[in-house]
Amino acid sequence: MNLKIKDHSNLYDPAHSGQETGYLKNTQRVLKKNYLEDKETIPNLYPWIDESDVAFAQFFQEVTKTPQSSLFIETIKAISSSTRDKETAKKYAQVFTPSDVALFTAYRSLRGIRDSKVFDPCVGHGSLLIAAGCYLAIQQGFRGEKLLKALYGYEIVSATREIALVKIIEGLSPWLSGITKQKASTILRKQILRGDFLLGKIPKNCVVIANPPYKEEKGKGNAWIPFVEKLLSSNKVVKLSLILPLSICSAKRTSFLRTLMMDKFKTILAFHHDTRPRPLFPNVEQRITILTAEREGDKKYVTTEYLSHSAKNRAVIWKAPSISLSYDLCQKTFPKLKHDDLPFFSNCSDTPKANSYVTI
Ligand SMILES: C[S@@+](CC[C@H](N)C(=O)[O-])C[C@H]1O[C@@H](n2cnc3c(N)ncnc32)[C@H](O)[C@@H]1O
């Protein structure tokens, strides 16, 4: 087969393209060499159809079939589209996660984990904790007090935290029968605290799920960076899923975070999203990466390309082709590869039909 390797430098964040050119050439060289050496076994060599994403598509369908699903999906949808006090929203970068992103992030963080606390360091109105609660209820049979006692977090704005307490109870109510709202609220109040996470404590043996505030502060850097540094530095975190600007993967100023993640965690999954034709968060022109990192497992880095998807076929985005790379290939950046530009990828990918998924 005639391998046409194109110039990939346009795949990278233009602001940082200078740093990445050398890395990319090297990656292409290795991919091409491996391909030519072992054409026959390529599906085994390149597991870009990551099993977890296939399984997510199934989970997604299961969720939408669950009779209770409309309630928590509606609750999360209402949160992400709710009108908020503009000044507070701006000051604290309050952008809330849409329902499918919340479910995917919860799924990625909790899959394969048993009896762990879920911790959101910046709860907002509770979307990620509701999605995590939904996963625990549907996949692991958590009910009542056990379900509530799994949810932990911080929120700096008092009024926002109050709304979160109500919304979490509302969204998870199908699995809270036998518990009064007051009792549920008493339990959550002890675990979801009002306060500054940067000064707070992380619960022992927890799974972190977070969408930290993105806000550039003059002379200080961006607000999400210290959040991530604190989470990655803690030995109490067994696994984490973070919704972050794409610059976590490529910017020079975040290279210390990448190093920290590679030192402390083994399997790292990166899920990249472009803003065209539609951004991941409606009306937020931000390229986003959902990063999942686990302390256990093989030492590997699995990445997707930048994704394009139409609004109608939104659910398809979750089954993105991925490629597994060794840590050696990720010294300076967490790379982003585009399978269309490497012809042999397209021969092996198994892109799902748009209509085989339910859009929510
Ligand atoms: C981007 S929003 C995400 C909220 C929610 N986790 C979600 O995904 O919908 C970030 C939240 O963090 C809160 N926040 C900002 N700085 C904080 C801090 N230092 N400690 C705790 N919460 C903080 C904001 O008030 C906001 O509600």
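Begin by selecting D115, which is placed in the loop between α6 and β1. Helices (H or I, at least four residues) and strands (E, at least two) are DSSP runs, numbered from the N terminus. The model is predicted: local features need pLDDT of at least 70 and side-chain atom pairs count only at pLDDT 80 or more, whereas totals for chains, interfaces and linings use all residues. Residues are numbered from 1 along each chain as its sequence is written.

D115 has a phi near 45 degrees, a positive value in a residue other than glycine. Most residues other than glycine have a negative phi. D115 counts as exposed because it has 10 C-beta neighbours inside 10 Å. In this scheme a residue is buried if 20 or more other C-beta atoms lie within 10 Å of its own, exposed if 12 or fewer, and partly exposed in between, with C-beta atoms placed from the backbone.

Next, select R111, in the loop between α6 (99–110) and β1 (117–120). R111 counts as partly exposed, because 18 C-beta neighbours lie inside 10 Å.

**Helix α7**

Why does the end-to-end distance of α7 agree with its number of residues? At 1.5 Å a residue, its 14 residues should span 20 Å, and its end C-alpha atoms are 19 Å apart. The expected span is 1.5 Å times one less than the number of residues. Just after the helix, G141 takes a positive phi of about 70 degrees.

**The nonpolar core**

Now display the largest nonpolar core, which has 79 residues; A106, V118, A131, A132 and L151 touch the most other members. The largest share of this core, 9 residues, comes from α7. A nonpolar core is a set of buried Ala, Val, Leu, Ile, Met, Phe, Trp, Tyr and Cys residues joined through C-beta atoms within 7 Å. Centre the view on L151. Apart from residues up to four places away in sequence, L151 touches V118, L129, A132, G133, I168, L188, Q191 and I192. Two residues are in contact if their C-beta atoms, placed from the backbone, lie within 7 Å.

Select N205, in the loop between β3 (192–194) and β4 (206–210). Its phi is near 45 degrees, again a positive value in a residue other than glycine. N205 counts as partly exposed because it has 15 C-beta neighbours inside 10 Å.

From β4, step across to β7: 5 bridges join the two strands, which run parallel. A210 has L242 as its bridge partner in β7. Strand β7 (residues 237–245) is mostly covered, with 7 of its 9 residues buried. Strands β7 and β9 run antiparallel and are joined by 7 bridges; P245 has I288 as its partner in β9. Two strands pair if DSSP finds at least two bridges between them.

Continue to β8, which is joined to β9 (residues 288–294) by 7 bridges in an antiparallel arrangement. The partner of L269 in β9 is T292. In β8 (residues 267–273), 6 of the 7 residues are buried.

**The last stop: E285**

Finish in the loop between β8 and β9, where E285 lies. Is E285 buried or exposed? E285 is exposed, because it has 8 other C-beta atoms within 10 Å. Neighbours within four places in sequence aside, E285 is in contact with T275 and P279. E285 and T275 are 10 residues apart in sequence and 6.0 Å apart in space, C-alpha to C-alpha.
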